[in-house]
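Please read them with the model open.

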Amino acid sequence: MEMKRTNIFVLFLLYGILIIGAVWMLLPLAWMTSAAFKPMSEIIQVPPTWIPKHFTLDNIKEVFKQVPFARYFLNSIVTTGVIVLSVLLTSTMAGYGFAKFNFKGKRILFLLILSSLMIPFQVRMIPLYQIAQHLKIVDTYLGVVFPWLFDAMGVFLMNQFMLTIPNELIEAARIDGASEGRIFFTIVIPQLKPAISALAIFTFSWSWEEFLWPLIVTNSDRVRTLPVGLQYFSEQYGINIHWQMAGAFVAILPVLIVFFIMQKQFVEGITLTGLKG
Amino acid sequence: MIKAGKKLSQERRLALIGFLFVLPAVILFIVLVFIPLLQAFYMSLFDWSTIREVKKFIGLKNYIDMFHDPKFIKSVKVTITWTIIVVPSIIFFSLLLALILNLKSLRFKGLFRTIYFIPVVTNMVAAAFVWRWLFEPTNGVINYFLSLLHLPQPGWLADPKWALPAMMIVGVWKQIGFAMVIFLAGLQTIPRDMFEAAYLDGASGVTMLRKITLPLLNPTIVFTSVMLVINAFRVFTIPYVMSAGGFTYGEPGGPLDSTRVFVIHIYDYGFRQFELGYASANAFFLLLVIMVATIIQFKTLERPFEY
């Protein structure tokens with residue numbers, strides 16, 4: 001009896017912790033969603049209303065009218081898409097080359113590439129900006145993507161996964177006369193589908209979030225990505241909280257929906273490593 | 001004889017193919033990492049400004065000046081404060097949550113796991129907007145809650161004393177779910193029968209936690225901590241967005257440099273004051289810190305390397 005009572009008390013305590021934590025996690029999203037659908041006068045009201053009394057879609061409509069949101073979205077999709085494709089291609093190729101072939105200088109090259117994991121982007125950004133200036137690619141898509149076309153972490157991870165593929169599989173195909181390109185694309189790549197999709201999600205999530213570099217290298221709405229566009233918008237329309245909340249809502253929603261659909265893959269992909277910040 | 005020759009040429013052919021496979025990554029590494037790194041070091045030896053239009057070799061003077069620069073000292077202090085508060089807080093909360101969510105008898109675990117992971121996939125700039133407004137001194141929800149509890153209501157982002165704590169709350173919010181998922185994965189690797197044996201021996205829950213769970217989870221905790229330390233030293237988006245723009249139109253790193261984290265410091269010198277040489281020297285200081293942290297991380301983890 002005594003045992004049971006303490007158990008119920010402990011259970012209450014544990015659920016209490018979980019619920020308080022959950023409120024903290026959801027507070028900004030709940031408030032944002034509420035504010036996105038109510039007029040300014042209601043937003044600044046104290047005490048706050050959680051369910052809008054004067055529900056309106058005007059904020060969302062205004063945001064699309066005042067700000068080239070669709071353009072920011074497109075820019076983010078294009079630049080992120082290019083980065084993901086390039087990282088996948090260079091990482092799987094290099095991972096395969098390092099894991100399944102022997103050539104002079106392989107070890108030193110691999111260690112060199114691996115060592116770039118230690119080099120924070122902030123050390124390279126000034127020279128990279130100069131490169132962008134020389135090539136006249138400041139404020140272009142190419143300017144936004146070029147520092148990220150290759151990722152040492154991707155090479156490292158793909159190498160680890162490639163090592164698990166049996167050599168016999170590759171050699172058998174070679175004896176059958178398959179070309180090296182064919183072996184890579186039709187035999188090796190299909191073996192690593194889960195690992196590659198994890199790398200894709202991992203790359204997508206950090207490049208979608210990348211803020212510092214696009215902030216530096218873009219200066220027109222033609223190329224501004226979503227995070228930078230949002231910030232620019234907030235610097236222009238700082239006082240219009242109702243638009244900002246609608247903008248934040250529109251920016252957060254699509255990724256959140258994808259997350260709910262592909263939760264398992266997302267968690268796996270993002271926790272693959274946290275070395276990207 | 002002929003056979004051996006054939007074998008050799010096949011070996012050379014494969015070596016060449018292997019090299020061709022790694023070539024794109026190697027070229028990109030040289031162009032995007034290696035050369036910029038050398039260039040950054042080269043620049044750090046110069047008094048190099050595109051505004052003052054100077055480019056003069058001064059050796060290590062930038063590195064010496066750095067340690068007498070109040071802004072450098074301030075930004076190091078801010079970053080260290082951020083690190084020693086945010087990292088342990090994340091570890092504490094995420095470990096607590098992971099331990100709770102690892103209990104067999106609890107319900108709705110999947111739901112809570114999803115909720116805690118939501119901040120990780122929420123766009124940080126958009127979320128920072130919302131937090132900025134939640135922390136608004138007169139109309140914000142947080143001060144409204146505090147008033148309900150009859151607690152003092154600080155000026156948060158407008159107050160140099162409270163701006164950094166407000167941002168640290170957001171920094172913890174963003175990363176708890178991430179660390180929690182890593183800990184949950186770590187907890188799954190601990191064999192259940194260890195607990196059963198301990199239970200039969202009459203060990204209490206607390207004893208099991210202290211004698212089994214935490215020691216076995218220790219490598220994961222150390223690894224995650226170092227990762228979070230590296231992230232803390234590179235934090236930029238949260239303090240930038242929460243200090244600049246919005247209702248107050250503040251300076252990045254403001255008010256009064258109270259949230260000038262190290263990357264804002266580098267950004268400020270490099271891209272607002274265009275002191276390229278000096279900014280590069282500061283960036284090398286960051287490189288040194290992160291290198292040491294990464295080496296510690298790999299040492300503790302001892303990932304099996306192939307080469």
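1. In chain B, a salt bridge joins the side chains of B:E275 and B:R52, at 2.7 Å from N to O. B:E275 sits in the loop between helix 11 (262-272) and helix 12 (276-301) of chain B, and B:R52 in the loop between strand 1 (46-49) and strand 2 (54-57) of chain B, so the pair ties together parts 223 residues apart in sequence. Keep in mind that this is a predicted model.

2. Are the two partners buried or exposed? B:E275 has a relative accessible area of 16% and is buried, because the cut-off for buried is under 20%. B:R52 is partly exposed, at 43%.

3. The side chains of B:D257 and B:K71 form a salt bridge at 3.0 Å, N to O. B:D257 lies in the loop between helix 10 (237-243) and helix 11 of chain B, while B:K71 belongs to helix 3 (residues 70-101) of chain B, so this pair ties together parts 186 residues apart in sequence. B:K71 is partly exposed, with a relative accessible area of 31%.

4. B:D257 has another partner. Its side chain meets that of B:R260 in a salt bridge of 3.8 Å, N to O. B:R260 is buried, at 2% relative accessibility.

5. Over all chains, the count comes to 14 salt bridges.

6. The angle is about 145 degrees and the axes are 10 Å apart. The crossing is right-handed. From helix 3 of chain B, the contact residues include B:W82, B:V87, B:I90, B:I91 and B:L95. From helix 9 of chain B, they include B:L214, B:L217, B:I221, B:L228 and B:F233. The contact divides into 14 nonpolar and 5 polar residues, with no charged ones.

7. The axes of helix 9 (residues 167-175) of chain A and helix 10 (residues 180-191) of chain A come within 10 Å and cross at roughly 150 degrees. This crossing is right-handed. Helix 9 of chain A contributes A:L169, A:I170, A:A173 and A:R174. Helix 10 of chain A contributes A:E180, A:I183, A:I187, A:V188 and A:Q191. The contact residues are 6 nonpolar, 1 polar and 2 charged.

8. Now the UniProt record for chain B. An unreviewed entry carries the annotation "transmembrane region" for residues 14-38, 80-103, 115-134, 162-185, 216-236 and 276-298 of chain B. In the model, residues 14-38 of chain B are 100% helix and 0% strand, with end C-alpha atoms 33 Å apart. Residues 276-298 of chain B are likewise 100% helix and 0% strand, and their end C-alpha atoms are 32 Å apart.

9. For chain A, the UniProt annotation is "domain: ABC transmembrane type-1", from an unreviewed entry, and it covers residues 73-262 of chain A. How much of residues 73-262 of chain A is helix, and how much strand? The span is 76% helix and 0% strand. The end C-alpha atoms of the span lie 20 Å apart.

Methods: Residues are numbered from 1 along each chain as its sequence is written. Chains are lettered from A and ligands numbered from 1 in the order in which they are written. This is a predicted model: local features need pLDDT of at least 70, side-chain atom pairs count only at pLDDT 80 or more; totals for chains, interfaces and linings use all residues. Side-chain values use heavy atoms; hydrogens and water are left out. Axes are lines fitted to C-alpha atoms, for helices over the stretch in contact, and angles run from 0 to 180 degrees between N-to-C directions. Helices (H or I, at least four residues) and strands (E, at least two) are DSSP runs, numbered from the N terminus. A crossing is left-handed if the near helix is turned anticlockwise from the far one by less than a right angle, and right-handed if clockwise. Contact means heavy atoms within 4.5 Å. Ala, Val, Leu, Ile, Met, Phe, Trp, Tyr, Cys and Pro count as nonpolar, Asp, Glu, Lys and Arg as charged, and the others, Gly among them, as polar. UniProt positions are given in the numbering used here, feature names are shortened, and annotations may be inferred rather than shown by experiment. A salt bridge is a side-chain nitrogen of Lys or Arg within 4 Å of a carboxyl oxygen of Asp or Glu. Buried means under 20% relative accessible area, exposed over 50%, partly exposed in between (1.4 Å probe, protein chains only).
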